[in-house]
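Hi everyone, thanks for coming. Let me show you a structure, and then we can walk through it together.

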Amino acid sequence: MHAMPKPAIALVGGGLVGALLATLLARRGFAVEVFERRPDPHQAGYLGGRSINLALAERGLHGLRLAGLTDEVMRLAVMMRGRMVHHRDGHSELLRYGRDDSEVIWSISRGRLNIALIDAAESAGARFHFSRRLETALFGQGVKLRFRDDLDGSAHEHTAAFVLGADGAGSALRTAMQLERPLGERIEELGHGYKELEIPALPDFPAATLPTAAAEKLARGEAFAIERNALHIWPRGAYMCIALPNAEGSFTVTLFLPSQGDPSFATVDGPAAARALFERDFADLVPLIPELETDFATNPVGVLATLYLDRWHLDGRAMLLGDAAHAIVPFHGQGMNCGFEDAVELAELLDEHHDDLEWTFAEFERRRRPNAEAIAAMALENYVEMRDSVADAGFLLRRELGRVLAERHPQRFVPRYSMVTFTRMPYARAFARGATQDALLRDLTQGKSRIDEIDLTHADVRVRENLTSLT
C-alpha cells in the first residue's frame with residue numbers, strides 16, 4: 001500500500017511564523033509556495049509592522065532548533081537576565097527571571113530573525129513570492145488565490161488544494177475566509193497604545209549630549225549606555241517605558257500609555273508634550289534619548305489588542321495560525337514563541353495526517369486553542385505586573401516567597417513566569433497551576449510585610465497539600 005503523496009502547500013505570510021512553518025514543511029518533503037505582501041528584505045531592508053524587539057524563550061528556541069537555526073540566531077541575540085526596574089527616585093534594581101543564567105530570555109531584532117528564517121526556508125526548498133498582497137480567495141473544491149504585486153500592480157493567481165494563513169493580526173486570508181463563513185471574530189482593544197523611541201549605541205551618540213556615566217562607558221570601549229543584559233522597565237502605575245537591547249549596542253525603547261486620560265496619547269500628542277512627560281516621569285531616560293522629539297514625531301502610535309476567533313479553519317481548505325488566529329498583547333514576550341509552537345504542532349500534524357486535512361485542522365485547533373487563550377490572558381495580566389506591581393511591596397513579597405518555595409520544593413512549586421518562559425509546559429496548564437500557586441502565596445503573605453514573618457514549615461505543608469509533583 002503506497003503512502004498518499006504530500007500535497008503542495010500555499011502559505012500566505014512569510015513573516016516569522018510563516019517562514020519557520022515553511023522551513024519545517026519543506027524539510028518534511030512538502031512543496032511550499034509562500035506569498036508575502038512585503039518586498040524581499042534582502043533587497044529592500046526589513047519593512048516591519050510592529051517592531052517591538054522580540055523576547056526569545058524556550059518555546060521559540062525549540063522551533064529554531066528543529067529548523068537548525070539555533071547557532072545563527074543566538075549570534076544575533078542579547079541575553080536578558082531579568083527586569084531592571086527603574087524607580088521614580090532614580091534607583092534601580094534587577095529582578096531576575098530565573099534562578100541563574102541558565103534561565104534567561106533573549107532580545108532579538110525582528111528583521112534580522114525574519115531574514116534568517118527566510119534563508120532557512122529557501123534552503124529547505126520553499127519558494128517565496130514577495131510583494132504579493134492577497135486580494136481574494138475563493139474556496140471551492142480547491143482554493144483559488146488572487147494576489148496583487150505591490151511593485152508593478154500586476155495580478156497573479158494561484159490554485160492550491162488548501163491554504164495556510166500566517167499573515168499576522170491583520171490577516172488578509174482571515175478576511176477572505178470570513179466572507180465564506182463567519183469565524184466569530186472579536187477584537188478587544190486594550191485601551192493603551194505604544195510609541196517607539198531609541199537609545200543609540202554609545203559610538204553613535206551625539207558627543208555633546210553624552211551623559212557622564214555613558215561617556216565613561218564609551219571611554220572603556222563599551223557600546224551599551226545602560227546595563228546590556230536586562231529588560232529595562234520604568235513602571236509608573238497606569239503607564240510605563242521599557243527598553244530592550246540590540247546586538248550593536250542600541251536599545252529599542254517603547255512608551256506605553258493609555259489612549260485617553262492624563263497622561264495618555266490624547267494629551268501627550270506632540271514632541272513638546274512628550275519631553276514634558278519624560279522630564280517629569282522618566283527623568284533618567286531623557287539624556288539617553290537624544291532624538292526624543294524627532295522619534296516621537298516620526299514614529300506612529302501602535303495599537304494593542306487581543307484577537308479572538310470562534311473558528312480558525314474552513315474544513316480542510318484553509319487554516320490560520322499565529323497572530324492571524326490569536327494575536328495577543330506583547331507583555332509576556334510570548335507572541336512569537338506561541339506562534340512558533342503553532343508552527344511545530346501544525347507541521348507535525350500535516351506530516352502524519354495530510355491525507356485527512358479536515359481532521360488535521362480540527363485537531364490542530366483543538367490542541368492549540370486552550371493554550372492560545374491562556375497566554376492571551378497571561379499577557380494581559382503581565383501588563384499590570386510590569387507597569388505597576390513590580391513597584392508594589394505586596395507583589396515583591398509574594399515573589400520573594402515564591403522563590404523560597406521553589407528552592408524548597410523544586411518539583412512542586414515553579415513560578416508561573418518560569419513555567420511559561422523556561423519550559424514547554426502547555427500554556428493552559430501553566431495558567432491553571434499558576435492560579436493555584438498565586439492563591440497560596442496571597443494566603444501565606446496575608447498581613448505580612450517581610451519574608452521572616454512567614455512560617456515556612458507551615459508553608460511547606462500547604463505546598464504539599466495543594467500542589468502535585470511535576471515529575
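Let's start with two helices, α3 and α11, which are oblique to each other; oblique is what remains once angles under 35 degrees count as roughly parallel, over 145 as roughly antiparallel and 65 to 115 as roughly perpendicular. This is a predicted model, where local features need pLDDT of at least 70, side-chain atom pairs count only at pLDDT 80 or more, and totals for chains, interfaces and linings use all residues. Residues are numbered from 1 along each chain as its sequence is written, and side-chain values use heavy atoms, with hydrogens and water left out.

Helix α3 covers residues 58–66 and helix α11 residues 335–353. Helices here are DSSP runs of H or I with at least four residues, strands are runs of E with at least two, and both are numbered from the N terminus. The axes of α3 and α11 come within 7 Å and cross at roughly 40°. Those axes are lines fitted to C-alpha atoms, for helices over the stretch in contact, with angles from 0 to 180 degrees between N-to-C directions.

Which residues make the contact? From α3 we have Arg59, Gly60, His62, Gly63, Leu64 and Leu66, and from α11 Asn337, Phe340, Glu341 and Val344. Contact means heavy atoms within 4.5 Å.

Now to the interior. In soluble globular proteins, nonpolar side chains tend to be buried together. A nonpolar core is a set of buried Ala, Val, Leu, Ile, Met, Phe, Trp, Tyr and Cys residues joined through side-chain atoms within 4.5 Å. Buried is under 20% relative accessible area, exposed over 50%, and partly exposed in between, using a 1.4 Å probe and protein chains only.

The largest nonpolar core has 72 residues, and Leu164 and Leu350 touch the most other members. Helix α1 (residues 16–27) gives the most to this core, with nine residues. Leaving aside residues up to four places away in sequence, Leu350 touches several residues, among them Ile9, Phe30, Leu164 and Phe361. A second, separate core of 32 residues includes Leu304 and Phe422.

Last, some backbone details. Most residues other than glycine have a negative phi, and most peptide bonds are trans. Ser131, not a glycine, has a positive phi of about 60°. Ser131 sits in the loop between β8 (127–129) and β9 (132–139) and is buried, at 3% relative accessible area. Then there is the peptide bond from Asp262 to Pro263, which is cis, with omega near 0°. Look for Pro263 in the loop between β16 (251–258) and α8 (271–281).
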